[in-house]
Amino acid sequence: MGASTLLITGNLDTIAQMSCNPAIGGLAKGQIVREIDALGGEMGLNTDLTGIQFRLLNESKGMAVQSPRAQCDKKAYQFRMKQVLEAQPGLQLFQAQVTGLLYEAGRVVGCRTNLDIEFRGRTMVLTTGTFLKGLMHIGRNKNEGGRLGDFSARTLSDSLREGGIELGRFKTGTPARVLGRSLDFTRMQEQPGDARPTFFAFHDTRPDTGLFHMEHWAAGNRLGWLPGSSPLSCWMTYTTDETAAIVRENLHRSAMYSGEIKGVGPRYCPSFEDKIVRFADKPRHLLFLEPEGRTTDEYYINGLSTSLPFEVQEKMIRSVPGLEHAVIMRPAYAVEYDYAPPTQLSPSLESKVVGGLFFAGQINGTSGYEEAACQGLVAGVNAVNCVRGLPPLVIGRHEGYTGVLIDDLVTKGTTEPYRMFTSRAEHRLLLNHGSAELRLLPHIRQHGLVAPDRLARIEAKAQSISRWVAELEKTRPAGSSATWADLIRQSAAREGAGILDGEGSAALPLPEAFAREGEPVRLEVLYRVSYAGYLQRELRQIEKLSELEKVRIPADLDYKAIRGLRIESAQKLASIKPFTLGQAGRISGVSPADVSILMVHIEARRQRQASSSGGGAA
Ligand SMILES: Cc1cc2nc3c(=O)[nH]c(=O)nc-3n(C[C@H](O)[C@H](O)[C@H](O)COP(=O)(O)OP(=O)(O)OC[C@H]3O[C@@H](n4cnc5c(N)ncnc54)[C@H](O)[C@@H]3O)c2cc1C
């Protein structure tokens, strides 16, 4: 967006370091990465260029629920992202720990650092991850830090409280990393990647992106790999009765169960001891051994996150087939950290208390790289819009998982680390991963998020898709009474996902000119035609709801003084301060009747104000 920006980080060498497993995407998260790419973000491209295994999840199911996922080379991912930041015009990088914020007249105006250097700026995006008063636990052992080997931001929390920001405490955890050559892969089941990788970036509309050195041949030597080539496998194995018994015997020594950890952890991504307690009748649990890179022999044990003491971890790991002689390189641990309950934010991710201060990522109570990245992008765009006095970027719930995520956070808040699921989106049929650029096109255009040549390519793609949908709906193959679209729908009903062949084309013959279109256009047209009835129903619903989204709620509304509004609703509304009637209706505990009362009140107030200012006729 051309804004002059400073990025301060405690350690430049850990930019884009993946704290947990080096995997990007997955159900609902894969859609978010494609949205980030559509909005001009880097995550998708970085994953494509540093990925070592690609899989399309739910491939055998309908296109609506398919999501790309990739395992990345952890170091390559980090190095490339740092290089991209270094090359970004207008962006300066600086290594220091931020120790406090500078406030003036209810706004943030800069920050202090541990180097006694102060920085001034007009807006700030705070993305502290798990570092605010970060405390790591391995059994009784405690170490300060946001991540193993990293620092803890000790004083920033107090500075935030001084500014009027409330904080809470959450926790998350990560499994041990083991040495590949100490594992017996013959006792595990191989999980190869897809033969045809599904990339995250919209390569059909991106201009030439200038590849990183690792994808190039240099002087006849291969320095790296081409995107999607020479994939590595992941491996599956299961825990045993013995693993469960070891955990049960030592439960009192787990940092979580002994009361050492006060923060709330994610229910959907439980520690292994949680799984043993909550699913006591399950005889075994699936584990994935995932490579951390091409040039390292470290493996991540997906599914075995724990805060048990190290010697217990060792016994647990060695009770698993294939891991009997595993050498642990990094122990599993849990980390507790401060977060700022996100209902303190407006939909632009700006604090409602401190002007110019934006929050994004784990500090908002979320968990996950993709969840953090899409918030960072929106907060960044809005920090610029705030400086320029432009309206904020607010993505609707029907336009993207990014919109669902931010609306959930600022409207409902979260009582545990929030992770995105497809079930959180009420209009998920509209949010297929291939349509991200098309759904977000108005925002891309309005906020100038991609270069003009890419915008032109996205516009052209959108036009081709609309033209082909209309064409297939109205034309018939020679000698047929049904239109092409009817035939596609009949085939979809018969074959389900089988409407597409292995090459991503329709299984039935289609007009020759259509078959010559690029795959992204063909897939989206087939999707829209196959689900036309459902998609139209969704769009009609959204149209109805959009009336409520258009009604702005005055910021100074005194909810307690509104007659007929229940006390509980008035309190909730006063604390969240929704921006529109639509948002008010999504606050838990606020009923449709409350929304109607609010609507009548706002309209009456508007009419009173119009008549008192003499503008009634207008
Ligand atoms: C142990 C652990 C396990 C996890 N497990 C999972 C998981 O299973 N699944 C999942 O999806 N996600 C998991 N995550 C979460 C995932 O790593 C985060 O959600 C994601 O990285 C958050 O991104 P972020 O940008 O908000 O913060 P981070 O990636 O944590 O980055 C924060 C950055 O801010 C810098 N920083 C912090 N404070 C300061 C300061 N005061 N001054 C200067 N710089 C500062 C840090 O140096 C760091 O670079 C885990 C995280 C951890 C730590």
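1. Salt bridges number 44 in this predicted model, a salt bridge being a side-chain nitrogen of Lys or Arg within 4 Å of a carboxyl oxygen of Asp or Glu. The model is predicted, so that local features need pLDDT of at least 70 and side-chain atom pairs count only at pLDDT 80 or more, while totals for chains, interfaces and linings use all residues. Residues are numbered from 1 along each chain as its sequence is written, and side-chain values use heavy atoms, with hydrogens and water left out.

2. Arg 169 and Asp 338 form one of these salt bridges, with 2.8 Å between the closest N and O atoms. Arg 169 belongs to strand β12 (residues 168-174) and Asp 338 to strand β21 (residues 333-339), so the pair ties together parts that are 169 residues apart in sequence. Helices (H or I, at least four residues) and strands (E, at least two) are DSSP runs, numbered from the N terminus. Asp 338 is buried, at 5% relative accessible area, whereas Arg 169 is partly exposed at 26%; buried means under 20%, exposed over 50%, and partly exposed in between (1.4 Å probe, protein chains only).

3. A salt bridge also joins Asp 594 and Arg 566, at 2.8 Å from N to O. Asp 594 lies in helix α19 (residues 592-612) and Arg 566 in the loop between α16 (532-550) and α17 (567-576); the pair, 28 residues apart, links distant parts of the chain. Asp 594 is buried at 2% relative accessibility, and Arg 566 is partly exposed at 37%.

4. Within helix α19, Glu 603 and Arg 606 are three residues apart, about one turn of the helix. Their salt bridge has its closest N and O atoms 2.9 Å apart. Glu 603 is partly exposed at 34% relative accessibility, as is Arg 606 at 47%.

5. A network of salt bridges links Arg 397, Asp 407, Asp 408, Lys 412, Glu 426, Glu 549 and Arg 586.

6. An open sheet is formed by three strands in the order β6-β7-β8, with antiparallel pairing; two strands pair if DSSP finds at least two bridges between them. The edges are β6 (98-104) and β8 (118-120), each with a single partner strand, so one side of each is left without a neighbour in the sheet. On average, neighbouring strands of this sheet are turned by 25° against each other, direction ignored; axes are lines fitted to C-alpha atoms, for helices over the stretch in contact, and angles run from 0 to 180 degrees between N-to-C directions.

7. Strand β7 (residues 107-113) pairs with β8 in the antiparallel sense over three bridges. Arg 112 has Glu 118 in β8 as its bridge partner.
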